[in-house]
Amino acid sequence: MIVVAGEALIDLVPQGSGALAGLLPRLGGGPYNTAVALGRLGSPTAFCSRVSRDAFGEALLDGLVNAGVDVSLVQRGPEPTTLAAATIGTDGSAAYSFYVEGTADRLFTAPDQLPDGVRAVSFGTCSLVLEPGASAYEELMRACAARGVFTALDPNIRAGLIPDPDAYRARFTDWLPSVSLLKLSEEDARWLGGTPREWLAAGPSAVVITRGGDGLTAFTRDGAVHSVPGERVDVVDTIGAGDTVNAALLHGLAARDALSPAASAELGPEDWTGLLRFAARAAAVTCSRAGAEPPYARELDGV
């Protein structure tokens, strides 16, 4: 099983141009999207979070169940669901304004233990920024790494939610010894500073950087660099594309029995090229439709 830990929220997606365009609520949140994508790809997946009991929260839970995701680790609370109002650029890229005060996912507490058979745990996005939940997710990350569980991190920077960028960058550096796979966008990499080689030296066995329509690049500890181009598609928006990449990488690693730092270090050029191409195809499907709608396994060729 792969566990995805982090927030579930509602994306408010504009249905036209201008500040007063109508907003359509869509299920979202980086970790939530990753869990749904993994479920749709057929990986045994569980979601670990705190979700509201309001109508949005019920819809989020239904979305997980419909994707085949185990929700036994989901905590529930009376607090409202986090909202993220999106603005879509002419290139389909999305920017967000967040409504997070007093919301359910911020009050997450780390579980005493995860189920037996967990092979990997994925973390990222707002859940590692907003306290007090951020410290609880960090506690879970460190505990998983200490047990030898494969850990994936996608910081998915939302700069407007980070009051002290330097403190966050220092915290990010402190996480790296507990991270097996680091995935981030070019924009995230520029904001964080540093280089893939510096990050690899601190802990991860691989760093994957997404470059939008230009594709993906993986850097590994042996000094190798593996790149693939992006898949050409008519972009509706990019919401959930990076989260789909997360899921595709984890799904592909599981298919190769490589969800451990040692096993992933044994992957060769053909393995990495195959993984990256699969992730690029999956992300392209997500970009071809509105909101975070990752593909099902039947929509993709191979792993």
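Predicted model: local features only at pLDDT ≥ 70, side-chain atom pairs only at ≥ 80, totals over all residues.
Me: How many aromatic pairs does the count come to?
Reply: The count comes to five aromatic pairs. In one of them, the ring centres of Tyr168 and Trp175 are 5.6 Å apart and the planes stand at 85°, so this pair is edge-to-face.

Me: Are those two buried or exposed, Tyr168 and Trp175?
Reply: Tyr168 has 6% relative accessibility and counts as buried. Trp175, at 0%, counts as buried too.

Me: And what does Tyr168 form with Trp191?
Reply: Tyr168 and Trp191 form an edge-to-face aromatic pair, with 5.9 Å from centre to centre and 65° between the planes. Tyr168 belongs to helix H4 (residues 165-175) and Trp191 to helix H5 (residues 186-192), so the contact ties together parts that are 23 residues apart in sequence. Both Tyr168 and Trp191 are buried.

Me: Which residues do the ring pairs link into a cluster?
Reply: The cluster consists of Tyr168, Trp175 and Trp191, linked by ring pairs.

Me: What sits over the ring of Trp191?
Reply: The charged end of Arg169 does, at 4.2 Å from the ring centre. In another such arrangement, the charged end of Arg298 sits over the ring of Tyr296, 4.5 Å from its centre.

Me: Changing topic to pockets: how much space lies in the largest pocket?
Reply: The largest pocket holds about 1,300 Å³ of space. Its lining comprises 49 residues, and those nearest the centre are Ser185, Glu187, Thr238, Ala241 and Gly242.

Me: Which elements give two or more residues to that lining?
Reply: The strands are S2 (9-14), S7 (94-99) and S10 (181-185), and the helices are H1 (30-41), H5, H7 (241-255) and H9 (269-287). Helix H5 is also the element in which Trp191 lies.

Me: How does the lining of the largest pocket divide by class?
Reply: The lining of the largest pocket has 20 nonpolar, 16 polar and 13 charged residues.

Me: And the second largest pocket: how much space lies there, and which residues lie nearest its centre?
Reply: About 320 Å³ of space lies in the second largest pocket. It is lined by 17 residues, of which Pro14, Gly16, Ala86, Thr87 and Ile88 lie nearest its centre.

Me: Which element gives the most to the lining there?
Reply: S6 gives the most, with four residues. S2 and strand S6 (83-88) each supply at least two residues of this lining, and S2 also contributes to the lining of the largest pocket.

Technical notes:
Residues numbered from 1 in each chain as written. Heavy atoms only, no water. Phe/Tyr/Trp six-rings, centres within 6.5 Å; stacked < 30°, edge-to-face > 60°. Buried < 20%, exposed > 50% of the residue type's maximum accessible area, 1.4 Å probe, protein only. Lys NZ or Arg CZ within 6 Å of the ring centre and 35° of its normal. 1 Å grid on protein atoms, 1.4 Å probe; cavity = no way out; pocket = protein on both sides within 12 Å on 5 of 7 lines; lining within 4 Å. Points joined across faces, edges and corners; volume = space filled by probe spheres on them. Nonpolar A, V, L, I, M, F, W, Y, C, P; charged D, E, K, R; others polar.
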